[in-house]
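Trainee: I have a model open and would like to learn how to read it. Can we take it feature by feature?

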Amino acid sequence: MKLKVAGTELACVVEGAGPAVLLLHAFPLGLAMWDEPAGALAANHQVVRFDCRGFGGSPPGDGLLTMERIADDADAVLDRLGLPSAAVCGLSMGGYAAFALVRRHPERVRSLVLADTRAGADSASARATRAAQAEKVRREGAGAIADAVLPKLLGATTHAQRPELVARVRKIIEANPPRGISDALAGLAARADSTPTLREIRVPTLVLVGDEDAITPPAEAEALQRGIANSRMAVIPRAGHLSSLENPAEFNRHLAAFLAG
């Protein structure tokens, strides 16, 4: 479906019935990355996912895609669907947006899952890399960012044993408009340090991380777990930065158990 939200129409998928679960996608993918978890959860939950502005079926916005913009869009999506709150699961960029949701709309967050993400802001070198990537995407198209991020986005096991998944992820990335990718790169570079937000989180929280994650490795997940009261952590074996795609059975097992609890 398309939901009218703050001057745009966001592509949104709603499946199942029961307590609401909101899934926030990673950069530079889209709601399609959540196909396996959504299918597994829909028997017992109302699963909501949407394409951020400039990804999948949602058109780009009118400027950089900030984490606050994603959080405000998530708030509006829940409002349009008549859902007062949800268990919020964000992976990578989705995790950064989840932190912004905690700060701006805490009443929406019933519980929290932070997957393959970190609290800290970009370093100066990381911001410079994102700017260079954005310029290359503007010149060469979405394939440029696929080439740049795929080596680290997926783990060693996936690259060695699952070429079909590597191809699937590339296809999702390359289907996104270059402007959406460059807007998101600017927003990611500008995001706030969410370390102070950790102590503000008072809802049950699960931290998940792939054991082969080279972008936000297990040490980053451990820092989140230490900083958030009433949180626990699980490591997903044979998975890199996209643990929900690389080992969906283990990811879904931990997610379902947490939501049931």
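This is a predicted model: local features need pLDDT of at least 70, side-chain atom pairs count only at pLDDT 80 or more; totals for chains, interfaces and linings use all residues.

Trainee: How are helices and strands named?

Mentor: They are DSSP runs, numbered from the N terminus: helices are H or I with at least four residues, strands are E with at least two. Take helix H4, residues 124-140.

Trainee: What span should the 17 residues of H4 have?

Mentor: The expected span is 1.5 Å times one less than the number of residues. For H4 that gives 24 Å, and its end C-alpha atoms are 24 Å apart, which agrees. After H4 comes glycine 141, with a positive phi near 100°.

Trainee: Which residues of H4 are buried?

Mentor: First the general idea. An α-helix has 3.6 residues a turn, so residues three or four places apart point the same way. Now the cut-offs: buried means under 20% relative accessible area, exposed over 50%, and partly exposed in between, with a 1.4 Å probe and protein chains only. In H4, Arg130, Gln133, Ala134 and Val137 are buried. Down the axis of H4, these buried residues fall within an arc of 105°, so they line one face of the helix. That arc is taken from the directions from the helix axis to the C-beta atoms. On the other side of H4, the exposed residues are Ala124, Ser125, Arg139 and Glu140.

Trainee: What do the buried residues of H4 pack against?

Mentor: They pack against H5 and helix H8 (178-189). Contact here means heavy atoms within 4.5 Å.

Trainee: How do I describe two packed helices?

Mentor: Two packed helices are described by the angle between their axes and the distance between the axes. The axes are lines fitted to C-alpha atoms, for helices over the stretch in contact, and angles run from 0 to 180 degrees between N-to-C directions. Under 35 degrees counts as roughly parallel, over 145 as roughly antiparallel, 65 to 115 as roughly perpendicular, and the rest as oblique.

Trainee: At what angle do the axes of H4 and H8 cross?

Mentor: They cross at roughly 170° and come within 9 Å. H4 is therefore roughly antiparallel to H8. From H4, Arg127, Arg130, Gln133, Ala134, Val137 and Arg138 meet Pro178, Ile181, Ser182, Leu185, Leu188 and Ala189 of H8. By class, this contact has seven nonpolar, two polar and three charged residues. Ala, Val, Leu, Ile, Met, Phe, Trp, Tyr, Cys and Pro count as nonpolar, Asp, Glu, Lys and Arg as charged, and the others, Gly among them, as polar.

Trainee: Which residues of H5 are buried?

Mentor: Ala144, Ile145, Ala146, Val149, Leu150 and Leu153 are. The buried residues of H5 pack against H4, helix H6 (156-161), helix H7 (163-174), H8 and H10.

Trainee: What should I look for in the backbone?

Mentor: Most residues other than glycine have a negative phi, and most peptide bonds are trans. Alanine 6 is not a glycine, yet its phi is positive, about 45°. Alanine 6 sits in the loop between strand S1 (2-5) and strand S2 (8-15). Arginine 238 also has a positive phi, about 55°. It is partly exposed, with a relative accessible area of 47%.

Trainee: Which residues does the cis peptide bond join?

Mentor: Phenylalanine 27 and proline 28, with omega about -5°. Proline 28 lies in the loop between strand S3 (20-24) and helix H1 (35-41).

How values were computed
Residues are numbered from 1 along each chain as its sequence is written. Side-chain values use heavy atoms; hydrogens and water are left out.
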